[in-house]
Amino acid sequence: MGKNSLHQQRIAHQPQQWRSSAEWIVICYFLVLVSLAWGVVCWQVEQDRRSTESQIININEKLALAYEDHTRNALIRIEKVLIFLKQDFERYGVVTPSAQMMVGQLVDDPLINQSVVTDAAGIPLTSALQSRQSIGQAPQFQAHVLQDTGQFFIGQLRVGTISTKESIHVSVRINRPDGSFAGVASVALNPQYFTGFYQSMRLGEGYTVVLIGLDGVVRSRHPSDAAFDPALLFAALKEQPTGNFRDAKHFYSYRGLANYPLTVLVGVSSEAAMASYYQRRNVYFGSVIGISLLMLLFTSLRVRNLKQ
């Protein structure tokens, strides 16, 4: 009797063991599938993030290159004007009709706020705005008084003495035949000309364009209240003249202008640039959460049926 009873208990206990094992198999299967689903989604999100950031950097680099070309072409054009005015005066010793005509034609140039050729005291000999007001104390004049560096002076953003407009003054020294100081040829550049190039492209919100000197002083920027950390830029410039860097809220691309003490910088806010990625990321995670809940519901029902 005892042996038969024990045998019957073992037979009755076997279905219960089978059901318990099946429950664990179903649960483990659920965990594996959920883990796999989350792993695939996390991998996809990471690949999408890297691809989006790469595209942002690529676009920034192209914009920075276009900004560099725009700025360089403007500076080359101004250099040609100043070289002509300098050489013409040094050759003839006076402001010729040709020089006066050139200065007069610059009045309507959107790049230029004012152009002038002065004597050694800073008194204009010819001026696009037809002014005789001295610029003798202005930085673009004083930079050439003591010595001939042979270089163009590119000043900081300041209100012009004659134009009364914020300008970037570029000037060159004029010499007498004996090499002594005879005056300067100077052009006041409109800073909005440089950033207006990007305003016309209508890039949308979140973009920043900056023209900054190696002295750390901004010559032009858009928007006018755009803030960035120059220390990050100059740290990157020490590594290479062209490149990319990031701060907590922006992607930046920069290009140093060879032969000029200037750098162009293009930035875009991470929030604006990554907006489409954030939307896709939310869809990815929302989908995997929904799938996980459905799988949990299915697993719960399956385990419940096994217990019955």
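Are Glu-68 and Arg-72 buried or exposed? Both residues are buried, where buried means under 20% relative accessible area, exposed over 50%, and partly exposed in between, with a 1.4 Å probe and protein chains only. The model is predicted, so local features need pLDDT of at least 70 and side-chain atom pairs count only at pLDDT 80 or more, while totals for chains, interfaces and linings use all residues. Residues are numbered from 1 along each chain as its sequence is written, and side-chain values use heavy atoms, with hydrogens and water left out.

**Salt bridges**

- The count comes to ten salt bridges, a salt bridge being a side-chain nitrogen of Lys or Arg within 4 Å of a carboxyl oxygen of Asp or Glu.
- Glu-68 pairs with Arg-72 in a salt bridge whose closest N and O atoms are 3.1 Å apart.
- Glu-68 and Arg-72 are both in helix 1, separated by four residues, or about one turn of the helix; helices (H or I, at least four residues) and strands (E, at least two) are DSSP runs, numbered from the N terminus.
- Glu-68 also forms a salt bridge with Arg-255, with the closest N and O atoms 2.5 Å apart.
- This second pair links distant parts of the chain, as Glu-68 is in helix 1 and Arg-255 is in strand 9 (residues 250–256), 187 residues apart.
- Glu-68 counts as buried because its relative accessibility is 7%, whereas Arg-255, at 22%, counts as partly exposed.
- A salt bridge joins the side chains of Arg-280 and Asp-48, at 2.7 Å from N to O.
- That pair, too, links distant parts of the chain: Arg-280 belongs to helix 7 (residues 275–307) and Asp-48 to helix 1 (residues 2–92), 232 residues apart.
- Arg-280 is partly exposed, with a relative accessible area of 30%, and Asp-48 is buried, with 10%.
- A network of salt bridges links Glu-46, Arg-49, Arg-50, Glu-53 and Arg-246.

**Cavities**

- There are three cavities of 30 Å³ or more in the structure.
- A cavity is a set of points, on a 1 Å grid over the protein atoms alone, where a 1.4 Å probe fits but cannot get out; lining residues have an atom within 4 Å of a point.
- The volume of the largest cavity is about 80 Å³, a volume being the space filled by probe spheres set on the points, which are joined across faces, edges and corners.
- Residues lining the largest cavity include Gln-114, Ile-135, His-169 and Ser-186.
- Strand 1 (112–118) and strand 5 (181–189) are the elements that give two or more residues to this lining, and strand 5 gives the largest share, three residues.
- The lining of the largest cavity has five nonpolar, seven polar and no charged residues; Ala, Val, Leu, Ile, Met, Phe, Trp, Tyr, Cys and Pro count as nonpolar, Asp, Glu, Lys and Arg as charged, and the others, Gly among them, as polar.

**Aromatic pairs**

- The structure holds six aromatic pairs, in which rings of Phe, Tyr and Trp (its six-membered ring) have centres within 6.5 Å; planes under 30 degrees apart count as stacked, over 60 as edge-to-face and the rest as tilted.
- Phe-245 and Tyr-252 are stacked because their ring centres are 5.0 Å apart and their planes are at 25°.
- The pair of Phe-245 and Tyr-254 is tilted, with centres 6.1 Å apart and planes at 45°.
- Ring pairs join Phe-245, Tyr-252 and Tyr-254 into a cluster.
- Phe-245 is buried, with a relative accessible area of 12%; Tyr-252 is buried at 3%, and Tyr-254 is buried at 2%.

Key
1 Å grid on protein atoms, 1.4 Å probe; cavity = no way out; pocket = protein on both sides within 12 Å on 5 of 7 lines; lining within 4 Å.
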